[in-house]
2 protein chains.
Amino acid sequence: MAQTRERLVEAARDLFLLKGYHATGIAQILKTSGANSGSLYHFFPTKEDLLLAVLTWYRDNIDEGLLQFVYARIDDPIERVFGVLDGYRQLLLILEFEYGCPIGNLALELSNSHPAARTLIRENFENWLAAIEANVVAAQDRLPLDTDPRALALFTLTVMEGAVMLAKTYRNLDPFDSAVAQLRSHYDRLLAEGTEWSSPRPLPEPTEHQDESIQHS
Amino acid sequence: MAQTRERLVEAARDLFLLKGYHATGIAQILKTSGANSGSLYHFFPTKEDLLLAVLTWYRDNIDEGLLQFVYARIDDPIERVFGVLDGYRQLLLILEFEYGCPIGNLALELSNSHPAARTLIRENFENWLAAIEANVVAAQDRLPLDTDPRALALFTLTVMEGAVMLAKTYRNLDPFDSAVAQLRSHYDRLLAEGTEWSSPRPLPEPTEHQDESIQHS
DNA sequence: GTCTATATATTGATAGAC
DNA sequence: GTCTATCAATATATAGAC
């Protein structure tokens, strides 16, 4: 049947999500999908080709799989951002923390060794960032004039990925909720400043450390 | 020799860091460490036992391996926090992004399937959090009275883990620097408020979304 | 505690009939 | 495009002499 390819991608997607790439065997993918070895290798010459198909699927399904589900019930752009984060929260709950961000998992497992996968992982992140950035831009009339939408979107993704990692490790939503609450307060402080130029960075207490290679905002 | 066990742990530690747990074979560990199969299984009945030894090593070496290196040249507690983050930045650079946080990598790869490892990963995070929290406490006289040191430390860890993931994926320090700069501005806003009680959360523009399950601060 | 040789299962991948 | 049978390589782990 023509949907064999699709079943294979779905099975691989779910197994990679739950167990990771290396820990998932071809045999399991065949069993889960109900396909045979010959069919799999007809569509995907190597296991890595199947991985790329999975990452392509995620990349092309961020809208229906994630955004539309949130946007359907929330209109305010800032609340949409936190609605997306809440989507990950729900998935952590539903799958009892045997989950994480599927892209994040594969990013840490494969970014070093699989360049083609890394490119697709980056494209996934780029799509996610573009969606969040669009929300920040839509709310820009309530944010300080010097707000950098891309940087704020990137910060949001950063916090989400870190928060999912900690929740998965603790098998508990507390670290996730705590981190998102801190992120919320970060947004709140920006909103509280309104459309004025952001106040200049205050001078910290004089300290005696010499070299400081962190770039400040 | 009595240091065979140590050489095995070091080799496994480095290989797990670069390639992950599943992608690292026993044969490679033997080759890298110069030990023989019999020696390895004398000390570690299973591969997972070796993994636990590696995680224990990290847990017991956070001081000498990370903190003291930073604290030796920085005294200010807030700058020590960002100095620790800068340590990860340097490692990303030195190892040309073929790196990440070793604990974070293993957290996403193994938290689901290896409960004993997950416990040690959590202990690693706890040690890291305690160190950062101690710095926040040390700077508490410059922070708002209602600052929660544990929550701020957790936020810092969250941002660090997410930032390392993105830098590794992009093979570029930009996302790391951007996220850390945002975190720095978060700290700066807290410092700017001084020791007063934090201003109450401002009311955002009224919006029409109904259910909002994110916990606000 | 260390050595070499090897067992056993599973891995990703292939062959060739249909 | 699908099927079964199977390959060669690698995986983790073991045996037993020293």
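This report covers the interface between chain A and chain B, then a few sites on chain A. The model is predicted.

**The interface**

The size of an interface is often given as the accessible area lost when the parts come together. Here chain B and chain A bury about 6900 Å² between them. Of that area, 59% is on carbon and sulfur atoms. The contact involves 77 residues of chain B and 77 residues of chain A.

Polar links also cross the interface. Twelve residue pairs are in polar contact, both partners at pLDDT 80 or more. Two salt bridges are found between the chains. Arg189(B) makes a salt bridge with Glu193(A), and their closest N and O atoms are 2.1 Å apart. On chain B, the side that touches chain A draws at least two residues from each of helices H1 (4–19), H6 (77–94), H7 (102–110), H8 (115–138), H9 (149–170) and H10 (174–193).

**Sites on chain A**

| Residue | Relative accessible area | State |
|---|---|---|
| Asp174(A) | 53% | exposed |
| Leu91(A) | 31% | partly exposed |

Asp174(A) sits in helix H10 of chain A, residues 174–193. Asp174(A) counts as exposed because its 53% is over the 50% cut-off. From Asp174(A) to Glu109(A) is 65 residues in sequence and 25 Å in space, C-alpha to C-alpha.

Leu91(A) belongs to helix H6 of chain A, residues 77–94. Its 31% falls between the cut-offs of 20% and 50%, so Leu91(A) is partly exposed.

Conventions: Residues numbered from 1 in each chain as written. Chains lettered and ligands numbered in written order. Predicted model: local features only at pLDDT ≥ 70, side-chain atom pairs only at ≥ 80, totals over all residues. Heavy atoms only, no water. Helix = DSSP H or I, 4+ residues; strand = E, 2+ residues; numbered from the N terminus. Buried < 20%, exposed > 50% of the residue type's maximum accessible area, 1.4 Å probe, protein only. Contact = heavy atoms within 4.5 Å. Buried area = accessible area lost by both parts, 1.4 Å probe. Salt bridge = Lys/Arg side-chain N within 4 Å of Asp/Glu carboxyl O. Polar contact = N/O pair within 3.5 Å; in protein donor to acceptor, adjacent residues only side chain to side chain.
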